[in-house]
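Subject: Structure for your review

Dear colleague,

Please find below the structure that I am handing over to you. A summary of the findings follows it.

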Amino acid sequence: MKIYNSIKVIILTIGIACITSVFYTCKNPIKDFKISIKASATTPPSTIQVYDVTTNTRLNVDPAKYPNGNVPITISGKDAYQIYTPGGFQTFSVSQGQILISLRNGINPTVDNPIEFNVNIDPDGYLPITYPIKLTSAEPTNFQIGMVSLSNLPKGSTVTTTAPPVTIDTVTKKTTTPIVIKTDTTNNTGGTPPPVAIVTVPTGTQLQDKDGKPIELPAGDTATTLTTELVFFPPTEQALNSFPGGLETSNIQDTSGNDLKEGTLAPAGWINIDMKIGNTEVKNFSTPIVVNMEVDPNTINPNTDVPYVEGDSINIYSKSEGDENWVLESVAGIIKNPSSGKLEIPMSVSHLSVWAAANFSVSCSTRFTLNLTNDDTENSSNFLICIYTPSTSNPLAKGNLVKSAFITVPAGANLSTTTEFNNWKPTAGRKYFVQFFEPGNQTPLQSIGPTELCGSTPPSYTSTPSPNKMVFKVLIRCSNGNSVLLPAGTKVYYVDNTVYNNMIVGTGNAQHKVDPSDNIPGNPWQTVIAGVKSIGGTNFNIITLPSTALLAGSNYRFAVYYDTGVGSSGSREDKLFPEMVNPSQIQDPTGLTGPTLTAAQLESYRGAVTLIPVTLPTCPF
Amino acid sequence: MKKITTIFLLMTIGIFVKAQEQPASTNPVSATSVLVEDKLGSHAWGVSLNLTTNGIGLELSKTLTANRKLVARIGGNYLAYDLKDFPYNNGSKAKPQYLIANANIVLGSIGAYIDWHPFGNAFKLTGGAAYMLSNIKALAQLRDSTLQGVINIPPDEVGQINAEIKPSINIAPYIGIGFGRAIPKNRVGVSFEMGTYYMGSPNVDFSCTKMLEPTSSMKTVLSDNLSPNQWLPRLSLNINIRISK
């Protein structure tokens with residue numbers, strides 16, 4: 001009986017021990033569990049590249065006033081309240097040569113209901129600019145704003161600062177002697193004598209302030225000086241990049257304020273005039289003053305496709321500081337100066353602002369469309385599309401680049417797009433080249449043209465599966481260790497690190513190792529768009545490169561841009577890869593399909609949560 | 001860190017841990033029905049009302065041997081509960097960020113068991129298998145709006161967390177020990193049983209929407225943390241009624 005009871009106790013003990021043991025296997029179920037909130041209240045950002053048109057790189061500003069080269073800007077206009085940084089702030093700046101702007105998620109501008117605002121940039125040492133922007137889609141779009149450094153003008157341009165004497169009748173408040181100011185060509189960088197402009201203020205002109213009130217001299221004074229600054233731009237390639245508001249514009253009005261058709265301006269020259277008497281700015285005149293601008297003899301009249309000749313007509317436009325619109329003021333006839341024998345455009349100037357002589361080409365009534373087909377059912381394909389206007393001397397010159405876009409076509413998809421070109425309308429009757437590139441390869445996949453794009457069959461290209469692709473997994477980490485999925489359209493940049501280290505660009509305070517955003521010929525940074533692929537049930541960003549893009553024996557630097565959430569200070573995050581042994585032999589440890597894959601991690605530990613794309617055309621010409 | 005998943009885990013832990021609290025109070029009750037002499041033969045039948053940590057249920061029992069050392073039981077139990085607007089602080093005490101969770105918790109099983117009374121008395125060892133009905137579905141979202149920059153983002157726009165936890169094995173084996181007979185000598189008796197199902201590592205479905213999408217990667221963490229919990233304990237207090245002579 002004793003043994004019997006002992007067995008009972010043993011069985012009972014073992015049973016209870018077995019059952020209770022399971023209670024102690026529990027692990028804290030929320031150990032290492034983190035909740036991440038993606039900062040995606042804003043749309044993937046559009047990029048506004050701001051650059052010095054002479055150096056094609058970052059603005060050369062005083063670091064004492066603009067730490068890290070960040071230049072504060074303002075956004076104005078009717079839809080300014082809808083514009084945010086990618087981090088959701090409304091304090092903007094130019095950082096590393098660019099401004100990033102987003103909309104509130106859910107805002108979808110259209111062609112019929114666009115978002116319109118102005119970017120106002122006014123750093124010391126540069127001409128201020130008000131650049132109108134119209135968003136017709138929530139998709140990321142690229143804009144470029146070229147700025148003019150007063151200490152390093154675009155080729156052929158001149159700045160003239162002078163203070164001629166002026167005498168004013170104390171009763172009529174009118175000038176009693178003519179004032180003639182000629183642009184100073186001694187400081188131009190063009191090499192050959194550039195065209196000049198002559199400003200004439202006739203006798204009997206009231207100099208008026210911004211309210212139209214005549215400017216009077218202090219009691220008892222009849223003479224003073226007229227402090228004047230003239231910045232004159234003949235239409236050189238560098239100068240054209242700084243044309244206020246851009247050459248393509250829908251912001252033209254007549255003098256009654258009626259909107260005119262959108263199209264492209266072809267300037268023969270423009271001039272920025274500032275005048276002061278004492279501390280009072282001269283803004284208006286009782287009767288127009290006269291500005292005669294010489295015409296470079298090689299300037300083509302787009303109406304005739306040959307250089308301007310005497311008797312040709314040309315439109316005269318004005319654009320006041322802070323205004324987004326050009327106003328069509330008059331039409332001038334080109335004359336020949338009997339003494340110099342040079343062609344001149346006489347402009348009648350009623351107020352001081354920027355004045356331009358330009359002819360205008362009306363845009364096509366339909367938007368440009370491009371068709372792309374990706375026959376590769378495994379991988380998305382990236383294309384760089386470059387559109388040029390042909391010229392007789394150099395069909396594919398950088399200065400002739402009209403539009404460019406990076407486009408990712410999902411695996412096996414057909415894509416017909418207008419938004420990638422920001423709903424661009426080509427000029428009616430004009431011919432263009434269209435080239436299709438694989439990013440990282442300077443040889444075009446296909447060239448079309450010269451051909452008219454208005455009213456013609458949309459250009460198209462069909463890609464075929466390439467056996468020589470490398471697919472990299474791109475892993476972005478935030479400071480909390482969580483990975484982040486790149487927004488659609490995000491660009492990943494890569495460059496041979498040796499080339500990167502040896503290429504110093506910019507001048508003065510803006511000297512730096514070449515950035516992806518530097519708009520310089522031969523910029524070695526290459527661009528690829530990140531796609532998304534599901535690996536093991538989790539979405540990852542991937543980039544697909546041709547196997548020729550990376551060379552064995554080289555180190556490559558990869559980069560993306562982040563929004564740090566403070567102002568618009570997007571900053572670049574780099575990852576230097578180990579030496580490539582043989583890119584075509586890299587094996588994939590991640591399960592990605594394809595013969596030449598690797599799992600590269602592009603890691604960053606900044607506190608940023610939103611990745612931002614930088615979108616610059618890197619068309620080869 | 002101590003996030004919404006606590007809600008799910010509380011449910012899961014509730015299945016595991018709450019069972020531990022009951023034996024002390026039930027054991028004395030079951031002891032009153034033990035050591036009853038067998039005079040009922042080999043074809044006695046009984047029914048039981050089960051109050052278990054896996055729900056409330058009914059069982060039908062039948063003796064398999066003349067000495068009544070083997071008894072077969074079939075039956076099921078079930079309990080469903082909706083957890084509504086459960087607040088959970090996802091942030092810190094200084095900077096709270098509350099989540100609101102709603103969950104549907106289902107506990108239950110349908111099973112067949114054999115009781116073996118090795119000593120001929122009320123003590124028994126039990127084995128069997130059950131089709132598991134247990135399942136937890138939960139949905140959570142931020143209680144308050146959040147800011148991105150100067151943008152106020154309402155909870156609906158931030159997104160939701162969806163989770164479902166269920167056994168990876170639908171037919172789960174069971175072992176247990178207990179006191180008391182499923183078919184009491186008297187017309188009514190009480191028995192107690194403690195045991196455990198083997199249900200394998202729980203299956204975790206976890207997804208997050210909209211701005212919470214990056215949290216979806218935490219599925220692996222949850223699965224790993226829950227993977228040791230392969231056993232589902234069950235404590236039961238049974239009221240047994242003999243329905244044959």
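Predicted model: local features only at pLDDT ≥ 70, side-chain atom pairs only at ≥ 80, totals over all residues.

Residues are numbered from 1 along each chain as its sequence is written, chains are lettered from A and ligands numbered from 1 in the order in which they are written, and side-chain values use heavy atoms, with hydrogens and water left out.

Chain A contains 47 strands and three helices (DSSP runs of E, at least two residues, and of H or I, at least four, numbered from the N terminus). Of its 621 residues, 52% are buried (under 20% relative accessible area, with a 1.4 Å probe and protein chains only).

Strand β23(A), residues 313–319, is mostly covered, with six of its seven residues buried. It runs antiparallel to β24(A), residues 326–333, and six bridges join the two (strands pair if DSSP finds at least two bridges between them). Within this pairing, A:S318 has A:V327 as its bridge partner. The two strands form a hairpin with six residues between them, and A:G322 in the turn has a positive phi of about 90 degrees.

β23(A) is also joined by five bridges to β27(A), residues 354–362, again in an antiparallel arrangement. There, A:N315 is partnered with A:A358.

Yours sincerely

Terms used:
Buried < 20%, exposed > 50% of the residue type's maximum accessible area, 1.4 Å probe, protein only.
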